[in-house]
Amino acid sequence: MARRRDERRDAEPKARADRTRSRAAGSAPASHDAPTPDGEARHRVDAPPTETRAPTAAPICDPATVLGRLPTGTTLHTELAAAAYSRGHRSSYGPELGSLRAAIDAIDPVSVDLTEPRRRLAAATGEETRLAERVAAARGELRARRETGAETDAAREALDTAAAALAAAQTTRIAAEQALERARDRASASRDERERRLRLQDRLENRQRAARRELARAVYPAFRDALATLPTGDPGAAGDGPTDYAGSRLVGSVAAVRVATLDGPVVLEPAVADAIRAWSGTSPDRALGVATVRPDA
Amino acid sequence: MILVVTYSAAARTGLRNVCRRHEDHVVRRLGRAALLEATAYGAFLALRLRETHAADVQIEWTEPFNEFVRVDEDVRAAATAYANRETAATPYASFAAGTDHPAPDAMKRRPL
């Protein structure tokens, strides 16, 4: 077990390096979606705490992470899935999870920042409006001077200048509009990619949940037996599957740890340690079947 | 109104939280998108999300649609007639052929 854990630790950065390389080469990573019977490759496929970039993708069930601390802060499903995993069970979803992760990793949408094009268009539109008002004012001035027979040369010149400036501003505004339009097209293509990635991530999470359910079911008989060995455990509370379990959460977690094959030690929060010590005829280490430590150890 | 569309799980969660906390500023929630009130506060909520999630948040400005202002009469009439046609299986192109109803290609080329 200890050897295996070290391998996993090594496998992580390697997997990441593979991905970086293949992305740099512009090709989809094919290395870790191939369903192989090799235990280590499967390990990488099924135990991904840092593998996916999906921010909300729950790690499926790394045993040391899920069961290494009580309370576990997770569901009985996840605890039992982790226990099953530690005992060598593998879900039938491994290859699918691997190819979903590969597909997600292969999507690398560009980030199109529309802020500058928007700012330039707003400025150009504002300038055009300002100059249009100046042209109107100059035209009014010229008309008034004509009507009163006053000298019009200066007013005509002011109108020509303003009109020329307005024409230039219009050209700038049109160019800004077109630039924003092009940037919006690029952003839209990038959003298509993001949308596709999000759909794949949702599917991945869905399959991870299904994989956890499958793994949890695989050890449910062992879980029921473990409940029977605990002084506070009631195998009758187990029901037919993880969703039926009606017993105490702590007893359920303890039984899940008993089912698991862990290197230990398991960290017990003081309240949990006290609760287990109050059980008759056992100790935390004996109840859990693995060494326990305090959180400050 | 302000339309906010999200394109990642984190942005979607962020939008969901905003909608839950500021219900009175949400006109409608549509899955990973939402329509916010056209107020400075609605804009503040939308911009805050985009500041956090950058390209995973799209913000658009929407207006109520008035077909009597935006759309020519022939298009409105065609929509009504086609929706109430007698033969359900007739595609619109065949339905419009030989009538005064505008052809689909002509409508596709006509901007509003």
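How many helices and strands are there in chain A? In this predicted model, chain A has 11 helices and 3 strands. Along the sequence they run in the order α-α-α-β-α-α-α-α-α-α-β-α-α-β.

Chain A has 297 residues, and 29% of them count as buried. Among the contacts in chain A with a separation of 6 or more, 72% are between residues 24 or more positions apart.

The largest nonpolar core is made up of 39 residues. Leu67(A), Ala83(A), Phe223(A), Ala255(A) and Ala256(A) have the most contacts inside this core. For Phe223(A), setting aside neighbours within four places in sequence, the residues in contact are Leu80(A), Ala238(A), Ala255(A), Ala256(A) and Val259(A). Another core, of 12 residues, lies apart from the largest one. Its members include Leu198(A) as well as Ala34(B), Ala46(B) and Val57(B).

| Core | Residues in core | Residues named |
|---|---|---|
| Largest nonpolar core | 39 residues | Most contacts inside it: Leu67(A), Ala83(A), Phe223(A), Ala255(A), Ala256(A) |
| Another core | 12 residues | Among them: Leu198(A), Ala34(B), Ala46(B), Val57(B) |

Chain B is assigned two domains: domain 1 covers 2-61 and domain 2 covers 67-109. Between the C-alpha centres of domain 1 of chain B and domain 2 of chain B the distance is 36 Å.

Where the chains meet, 11 residues of chain A and 9 residues of chain B take part in the contact. On the side of chain A that touches chain B, 4 residues are nonpolar, 4 are polar and 3 are charged.

Key
Residues are numbered from 1 along each chain as its sequence is written. Chains are lettered from A and ligands numbered from 1 in the order in which they are written. This is a predicted model: local features need pLDDT of at least 70, side-chain atom pairs count only at pLDDT 80 or more; totals for chains, interfaces and linings use all residues. A nonpolar core is a set of buried Ala, Val, Leu, Ile, Met, Phe, Trp, Tyr and Cys residues joined through C-beta atoms within 7 Å. A residue is buried if 20 or more other C-beta atoms lie within 10 Å of its own, exposed if 12 or fewer, and partly exposed in between; C-beta atoms are placed from the backbone. Two residues are in contact if their C-beta atoms, placed from the backbone, lie within 7 Å. Domain bounds come from an automatic or database domain assignment. Helices (H or I, at least four residues) and strands (E, at least two) are DSSP runs, numbered from the N terminus. Ala, Val, Leu, Ile, Met, Phe, Trp, Tyr, Cys and Pro count as nonpolar, Asp, Glu, Lys and Arg as charged, and the others, Gly among them, as polar.
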